[in-house]
Protein chains: 2
Amino acid sequence: MASLGDIGVSALINILSAFAFLLAFAVLRIQPISDRVYFTKWYIAGKRSSPRNTGGVMGKFVNLNFRTYLTFLNWMPQALRMSEAEIINHAGLDSAAFLRIYILGLKIFGPIAIVALLVLIPVNVSGGMLFFLRRDLVVSNIDKLSISNVRPKSYKFLVHIAMEYLCTFWTCYMLYREYDRVATMRLNFLASQGRRPEQFTVLVRNVPQESGRSVSDSVESFFRRNHPDHYLCHQAVYDAKKFAKLVKKRNQLQNWLDYNQLKFEKQPSKRPTKKKGFLGLWGEKVDSINYYKEQIKDLDTKLMMERERIMKDPKSVTRAAFVSFNSRWGADVCAQTQQSKNPTLWLTNWAPEPRDVYWKNLSIPFVSLTIRRLVISVAMFALVFFYMIPIAFVQSLANLEGLERVAPFLRPLIGWKFVKSFLQGFLPGLALKIFLFALPIILMIMSKLEGHVALSVLERRTASKYYYFMLVNVFLGSIATGTAFQQLHAFLHQSATQIPRNIGISIPMKATFFITYIMVDGWAGIASEILRLKPLVIFHLKNMFLVKTERDLEKAMDPKSVDFPETLPSLQLYFLLGTVYMVVTPILLPFILVFFAFAYFVYRHQIINVYNQKYESAAAFWPHVHGRIIANLLISQLLLMGLLSTKKAANSTPLLIVLPILTLTFHKYCKNRFEPAFRKYPLEEAMTKDTQDRESGTDVTLKTYLANAYLHPIFRSLEEAELAEVRVDKNEAHIANPSPVELKSSSPHCAYLHENEPSEGVQVEQSQKVYHYKFESRSNVYMYDIESQHNV
Amino acid sequence: MASLGDIGVSALINILSAFAFLLAFAVLRIQPISDRVYFTKWYIAGKRSSPRNTGGVMGKFVNLNFRTYLTFLNWMPQALRMSEAEIINHAGLDSAAFLRIYILGLKIFGPIAIVALLVLIPVNVSGGMLFFLRRDLVVSNIDKLSISNVRPKSYKFLVHIAMEYLCTFWTCYMLYREYDRVATMRLNFLASQGRRPEQFTVLVRNVPQESGRSVSDSVESFFRRNHPDHYLCHQAVYDAKKFAKLVKKRNQLQNWLDYNQLKFEKQPSKRPTKKKGFLGLWGEKVDSINYYKEQIKDLDTKLMMERERIMKDPKSVTRAAFVSFNSRWGADVCAQTQQSKNPTLWLTNWAPEPRDVYWKNLSIPFVSLTIRRLVISVAMFALVFFYMIPIAFVQSLANLEGLERVAPFLRPLIGWKFVKSFLQGFLPGLALKIFLFALPIILMIMSKLEGHVALSVLERRTASKYYYFMLVNVFLGSIATGTAFQQLHAFLHQSATQIPRNIGISIPMKATFFITYIMVDGWAGIASEILRLKPLVIFHLKNMFLVKTERDLEKAMDPKSVDFPETLPSLQLYFLLGTVYMVVTPILLPFILVFFAFAYFVYRHQIINVYNQKYESAAAFWPHVHGRIIANLLISQLLLMGLLSTKKAANSTPLLIVLPILTLTFHKYCKNRFEPAFRKYPLEEAMTKDTQDRESGTDVTLKTYLANAYLHPIFRSLEEAELAEVRVDKNEAHIANPSPVELKSSSPHCAYLHENEPSEGVQVEQSQKVYHYKFESRSNVYMYDIESQHNV
């Protein structure tokens, strides 16, 4: 076990590495060449132009103004200058709410840390049980400050119980205030939003298949019958898996073509060639540029045929549709109510905003969904309880004795005091971190298989899976011995009261481990976050090899967005550590506070300058954040009960049993009080916005506006090409994707290309011409768009 | 432990007592004097007139037609003659669905019993482990037919596992079919219903208090704003606790007056007197008739003043209201959606039908509800785990050794073989039954405190509480040793895998006990149900002392309704016994089958001839029935796992662990598939019925129809009086309580008496006159109505 000195070394290393990251960031961010990496958001917003246009040849790449190097930490006050309202405006409510989590951490643990340190440290130290033990038996100096130092059966435990009550009440109070605040922010945000397609649109799934009737017809007649005063139009959803595959392939070929053309431009003397066979290793040698051009042409023909097939084949229309209404009230009513006798048919939900839709999952039948969820639950269980085995192996290496046994040649090295401290303080945390790297990808795939229809939901589900994983493997896995599966086995064969005891008793012993974890994962991790090493390297590589035009440059920036599936669960882990240790080893709290404060600065900076959110869910993740912190409180109470019962603190259990009941009641109340604001849209609000619209007269063009808002991405390309042609006439920049075709069409629904109405055949032909033209001109760009929207 | 002989004796006793009950019933039901007790429903429906009007003096009381005595069991075929559709028509869907539970029991356990007896009995008997043990060690002959007889580690357990799979699948299949059937029946029933106030009305609770505005005004303006095309009118809810108390008191006085007047009529020579003091034991002697008449007159004045106060005081209008819409679609939308930003305000739900409303709980604020539920949950937990102590004491007496120890003077009596068998076979079941008597009353009070707003919900909640109680105290309490609290303590200190083992191992041993329980509680209990001993006695007592007019006679009938809070949980207990023992001791199944079949006959007879349902919830209890049977399946699977692991059946746990997962998935699927039919009303259906109405033109008088449908019971009296006056003109018998006053009123909402509109002052005065007239004329009758509607 690590001593206080080891912690010091670890703190030093981590502070130094954090400092190094910050220094590197400070230097790199003022270099013109990296400007696009560190101010991506501003470029996307069109509010910043490259500083490379000013200054000399050298000045294009390196910052020669040495005065700016002196103020290298000035990004911190800069990051704070923007107000919350401005952040919401600039980056959306998701980002603003995300920052509030850190503030919530500071608000909860700040006062608790002060009180706990002032009250509990004297109480614990004065107990002095551990002073009587031999030095090598005492696990660390930090334990002298923790509850371990109090003698069994001492009345001092009443102070700890009182503190647990105090902390729980304070946390709940803060949670309540914050939930209230975020719910209000969400409603205000939604109320202040302009007209958006998702306000009028409902996603209908499991449309029943009626014989002799197309899905579009069924949808139309059903909603015309049951929402006669409100139904406006609907948009069919096409099954375009094969098309998307072809697009992906074409995109790869285009990349190769671009690469070869660039190569040729640089060395005009030598035309690039390639071998036709497997991986270009053997086969006939051909001219690369011609080869790829031909291949792309072939693929274009195939794409066109596939597209035509989709149009004509009624089977390619899936059993889902986006139904639009003539008022928010009408859409709200449809989204919240049950439509059909059979509640597994005509399932209605608010449509996600267009860029948030995960198209692939729209048409999964109800029974399949039930089975998918079952299978994924079982798989998730297996993942949580068997993933630990390799981690446990590596951690046993990180243990010094284990390391010596496996690699005896390292023994002299381990002999050095500094190396020993380094290994003990640093390695266990690092080993965990490395193994956690591949996990989010697996979890995201599992969430996709579960069948959720929006990216935001997918990310939230992944985050919640990740949290369970962290809870079992990182938290319990670090505390209890053996793999998670061994623990599971042990738990099943232990009594319900024994489990919290067994974990509770080892809680104080693991404080030092978690302190190093906070420093490695929290402090140094956050510092590396601001440096953006990976995007930086990739940007410069792309810049060197691929970028030809201004548009390519913009593509190369890749702003990314806040990585909710990973950051939310790790944040929740810090909350868990804080709540569990606030009474047991309060000395851990300052480390968490430093993390929250530092991370707040960094993410504020990143959100303002770098990240560009893929979607806007209006803080829909907050109920999860709230729920997890409540769960953390319950875990902490349970473990304290276990710990105190091993300490033979008389009657501690009856005193503490009230807390979880109160906490659960509080949670239930909050759930009823605030959660509907995140799940449903009150009719009152919908009516208010409708009235505003009616008064200002903006609801006249609604049908045009909604016509193609939820057009499947495979048609999006076409729209864009046409759009460019007519944008001059329309001049309505704030309206996304209005369809000029719909204006001409007299069809009662807005599915622009529709397989069952021969009168529209002309349009289809016409559109295919435009489509062809498109492929010639800017195919590369839109293909990328399609693929990113398809996020395969 | 009871031997096979003991069971035989018990069976004999119970069959004899059941037979005695049936015989008594057969004789009593053909006596004209009891006709009203056994054919109550027909009298209420107005389809039967008293047979006492025919025949001589003697024939008025006793049936002299001796031929009818010979066919004394002919009620059974008579009970079967009515088809299900006729029963729905005659007694409502609740009753019809209730009967289906018995049929479901027969359908599930019938085939299982045949297969299990044919397959498992040979397998169990051939094991022969128990044959080698000494006779007194063997617990009973029945155990030789059970799984106890199979040797540990035998491969025969595979047969039991396969049977468990088979039974689970069969049960799930039957459950699915039945859920589907009942859901369809419910939707058809709702679709076939005529126009009813609850189809257009939504109960709004937690109306926010706005300063300077009455609740009625708030309601009006809120719904006019947010449901402009659908809002019709609303009905305020008055706080009338004090008024109800006065009415109750007046009712008692009226009873005394009636009693004394009757006494005087019988003995005109002597005017009855009473003493004024406490309980009539001392004080001044006065003339009873005059005394009560004066008292009633005083109370009438008080009532009138109280009524006036309620009208005038805005504080007596509670924060709840019944809001009516102009179409089912509009009401449906309002019931299913969230109205306000703050989801704890403007809570909307379908209104229960008028006779189902539990007025007292309408105005409980949201925070109070949360706290009430918490407190009741804790109280419920305490009740379940501490109620057992007295039962355990009595059961230890029922144990022969215990009895001998406590009452040594009984020893010679116990020596008799027959008495011993009687005590062992009969007493344990009887002891349980007696203690369960007071329970439903306590549970109903708890449910009322929880704040539910409909009688049907109250009964369902009571039933579910009763089920938990039975599960822990009757089922687990009979299997495990010690009180429930001791068991709880033991469970907390046992491992998760040990608990099902400990219970599982004693399951087969308790088969004989449960067989006697089924015979006592089931067979004999049901037979006593048909005799209606208590209502019979009460009816004849009332007949002798109180009945003066035909109307009094009708009141004295007291048809009661199916006692859901008690019958549903006991039914579910039989399902539990069946599912647990179907694989362990299949010999128990025939006893359950007899119970189901017999009870089906009896309840069919009672529902057709006696019971008159207080309300109609359209089988809203079915999801509970379904859920409980699923829970029973899970319990049975868990216990079998425990039992088999004590039998060292290798790898039985992995083979069985799949079953609960599949069962839970099935449950989840059914919940999604069918439960919405019981909770929400699909818009499609609402629209269809609206269209029908519009076509037939019956929606013209809607406002009049709805005006006073949800009038608070304190005003009902007035309406009835007026109704009698105008009924001649209106001649609309199927429309309940249309208000003539509303016809005259031009007020925009339908709250007929409204405190803030001075223009209606005239009406108030006028109505009070009518009211006063009413009190004079038929006060006794309507007072009784009010009280029964208030169900204090």
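A polar contact is a pair of N or O atoms within 3.5 Å; within protein, one must be able to donate a hydrogen and the other to accept it, and residues adjacent in sequence count only if both atoms are side-chain atoms. Across the interface of chain A and chain B, twelve residue pairs are in polar contact, both at pLDDT 80 or more. This is a predicted model: local features need pLDDT of at least 70, side-chain atom pairs count only at pLDDT 80 or more, and totals for chains, interfaces and linings use all residues. Residues are numbered from 1 along each chain as its sequence is written, chains are lettered from A in the order in which they are written, and side-chain values use heavy atoms, without hydrogens and water.

**Interface extent**
- Contact (heavy atoms within 4.5 Å) links 42 residues of chain A with 42 residues of chain B.
- The two chains bury about 4,000 Å², 63% of it on carbon and sulfur atoms; this is accessible area (1.4 Å probe) lost on being put together, summed over both.
- In chain A, Q338(A), K341(A) and E684(A) lose the most area to chain B, together 16% of what that side buries.

**Salt bridges**
- Four salt bridges (Lys or Arg side-chain nitrogen within 4 Å of an Asp or Glu carboxyl oxygen) are counted between chain A and chain B.
- One of them pairs R225(A) with E684(B), with closest N and O atoms 3.8 Å apart.

**Helices on the chain A side**
- Helices here are DSSP runs (H or I, at least four residues), numbered from the N terminus.
- α28(A) gives the most to the side of chain A that touches chain B, with six residues.

Key
Helices (H or I, at least four residues) and strands (E, at least two) are DSSP runs, numbered from the N terminus.
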